[in-house]
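The sequence and structure are shown first.

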Amino acid sequence: MAGKKNKGNKNDNSNGSKKQEVDVEDRLQAVVLTDSFETRFMPLTAVKPRCLLPLANVPLIEYTLEFLAKAGVSEVYLICSSHANLVDEYIENSKWSLPWSPFKVVTIMSPEARSVGDVMRDLDNRGMITGDFILISGDVVTNVDFNKMLEFHRKMHAQDKDHIATMCLSKASQYYKTRTYEPAAFILEKGNNRCIYYQDLPLVSSKEKPSVEIDPELLEGVDEFVIRNDLIDCRIDICTPHVPPIFQENFDYQLLRTDFVKGVISSDILGKHIYAYITDEYAVRVESWQSYDTTSQDFVGRWCYPMVLESNMQDNQTYSYESGHIYKESNVVLAQSCKIGKCTAIGSNTRIGEGTIIENSIIGRNCQIGENIVIKDSYIWDNAVIGNNNIISHSIVASNAKLGSNVELEDGCIIGFNVILDDSVTIPKGTKISAKEIQSIELATFGVDSSDTIESSDTEYETQSSTATEHKFSSTTNLVGNKGVGFVYDSDFSDDEDDIVSGPYKVSNSLAHQIEDLYLSDASISSTKKRTKKKRTMSASSMYTDREDIGSESSSDEEEDFAVEGLATIERAVENNHDLDTAMLELNTLRMSMNVSYHEVRIATITALVRRVYHFIATQTLGPKDAVTKVFTQWGPLFKRQAFDEEEYVDLMNILMDTIVNENFERHDLILFVALNTLYDDDVLEEDAIYKWWDTISNDPKYDEIKNLTAKWVEWLRTADEESSSEEEDE
């Protein structure tokens, strides 16, 4: 009997070993880059790494780890360079280190790493990768269904033995703001989305025209391909075990896309292929102040459903949802006369005083918000103290910062950890203030004290920085006040390793609104404008987002601006290709609810159409003439329902001319001429209205240039009209 028992145990052990071997081979691993290897979030990242900065009162890394948990990952390797001890301490005290965590977390210290390439070479040396693995940044916010991406990856791998990686790319609307940060072109083989070529593009705001240069040899054997510049690279990749050795063999590979992807798909020697998984789901990387701002508003607006704030990702969170996208934790104390507007979140134990107005903002825990304060489009982190009578506009106030009374923060200010501002100070637009003097960007980024011994190359760096610092901090006392504590951060060096290449590819990294980005901003998602107001009841379980403009208003006396709301309605109709009846129905409903005239409706419509034309031209999708013809042919008939007599058509043409003059076109005269001619050909405009408008047109010199072609066109119309009349008389 004993022999049978031992024999049975032996078989059980053998089966267990085989099962364990299978598990090791099939388990899904993930490599999380907790360091961005950039300094875009300075001076805040001198104190805390980017992945631990809060977004909607949740550390950024939590969004990445939640995604990996839903993806079914078994092992997560956190690669730490900057502030590695803080990351390690956070993970040790989080739910991810508990016995029931969905995956095993291993923190890997890699202090020598200065790029993604260094990390991959370190992974290869350690030999920890046993199969396909996810490579992801620690600042990704997404609700992507990973199972679909993994299925696509395995399908491509089965069809192509040279397939080594799959990139996740999210489709963006033409107005979505993150498209303007780091634009790039992906040339993909039609049918299977194999990446044939990758190239960075200049910013839309630059004067350099975007173009793609590709070696014709790369197109050999490709029947059809597509060029895509409408994709957001969220830096979620599935890699095979072949990827780390390729980095090891190519020491010049530092950047993931510009070096690795471009190098691999362009190399005849490697002969490897990379595919793109394209999704409609929400996926974005928080890589700059602008994307932090946009992603925060998107998350509060429920774009990332079912990952929403009231799902309480952290164990000690107690958020509940209210209509108008308002979220509050327990133990929030609100004064009776304070006003909490739409798209706002407030953390626990925060107190808000009498007469304070908060809208489109996120307030952390244990904050003391005084009386008669206006906070709009801003982010107040934990334990901040805000004195009475302050105005905070589109700014960030970091944890433990203290603002005195009568303080004003203008657009785009960054108030760092532990900064103190005295009473009655005004911080200018885009100012960044840290509590301590930052002598060296590089040393601060990697958590090295400036008093430590450093190598000669870094010594030279610090000397230069110190010289600049003495100049920059000479007037700090006047800025923060006599009792204030803080130093202005204004780096003389690049805020980003990619910015070494200046010019059209340089990203303007500021929280402040950028004029060149405005025409790409969708009013339904941009914090630069109010979202379209549309009354509808929502529940906490609703998956609808403010992308669909379903946010309800909590106050009937709130000012409603048709110039913004009407424009958003038209832009949405154009973007989603609504039919004319639907678009006009929405406009009329909005017009009547706000009690405005058709003049305002015409302004909103023309502004939206001219912006659409500008977008086509700026992105080189269409030439000027084709762009105007396409837009005004499709949407021009709207004006037949917005103008009903000759005077109103004259008003329409005046609005059109003013709008085009104020837009940044190279040929204003051509745009106006083609727009008018298109409306005339489509029987929207009649000759009599055109003649009356032309006879009463403004003589302001600013219109001289734009009238050149139109003058000849009107003259031609009159000549043709006269000839036609003469022929009729002769008959």
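## Two packed helices

Helix α16 (residues 646–661) and helix α17 (residues 668–681) have axes that come within 10 Å and cross at roughly 150°. Axes here are lines fitted to C-alpha atoms, for helices over the stretch in contact, and angles run from 0 to 180 degrees between N-to-C directions. Helices (H or I, at least four residues) and strands (E, at least two) are DSSP runs, numbered from the N terminus. The two helices, α16 and α17, are therefore roughly antiparallel to each other, a term for angles over 145 degrees. The crossing of α16 past α17 is right-handed, meaning that the near helix is turned clockwise from the far one by less than a right angle.

On the α16 side, Met653, Leu656, Met657, Ile660 and Val661 meet His668, Ile671, Leu672, Ala675 and Leu676 of α17. Contact means heavy atoms within 4.5 Å. Of the residues in this contact, nine are nonpolar, one is polar and none is charged. Ala, Val, Leu, Ile, Met, Phe, Trp, Tyr, Cys and Pro count as nonpolar, Asp, Glu, Lys and Arg as charged, and the others, Gly among them, as polar.

## How the model is read

This is a predicted model, in which local features need pLDDT of at least 70, side-chain atom pairs count only at pLDDT 80 or more, and totals for chains, interfaces and linings use all residues. Residues are numbered from 1 along each chain as its sequence is written, and side-chain values use heavy atoms, with hydrogens and water left out.

## An enclosed strand

Six of the six residues of strand β4 (residues 75–80) are buried, so β4 is largely enclosed by the rest of the structure. Buried means under 20% relative accessible area, exposed over 50%, and partly exposed in between (1.4 Å probe, protein chains only). Glu75, Tyr77 and Ile79 point one way from β4, while Val76, Leu78 and Cys80 point the other way.

Strand β1 (residues 29–33) pairs with β4 in the parallel sense over five bridges; two strands pair if DSSP finds at least two bridges between them. Leu33 has Ile79 in β4 as its bridge partner. Strand β5 (residues 104–109) also runs parallel to β4, joined by six bridges, and Thr107 in β5 is the bridge partner of Leu78.

## A loop residue

Pro428 lies in the loop between β33 (426–427) and β34 (432–434). Pro428 is partly exposed, with a relative accessible area of 36%. Not counting residues up to four places away in sequence, Pro428 touches Glu410, Cys413 and Leu479.

Conventions. Angles under 35 degrees count as roughly parallel, over 145 as roughly antiparallel, 65 to 115 as roughly perpendicular and the rest as oblique.
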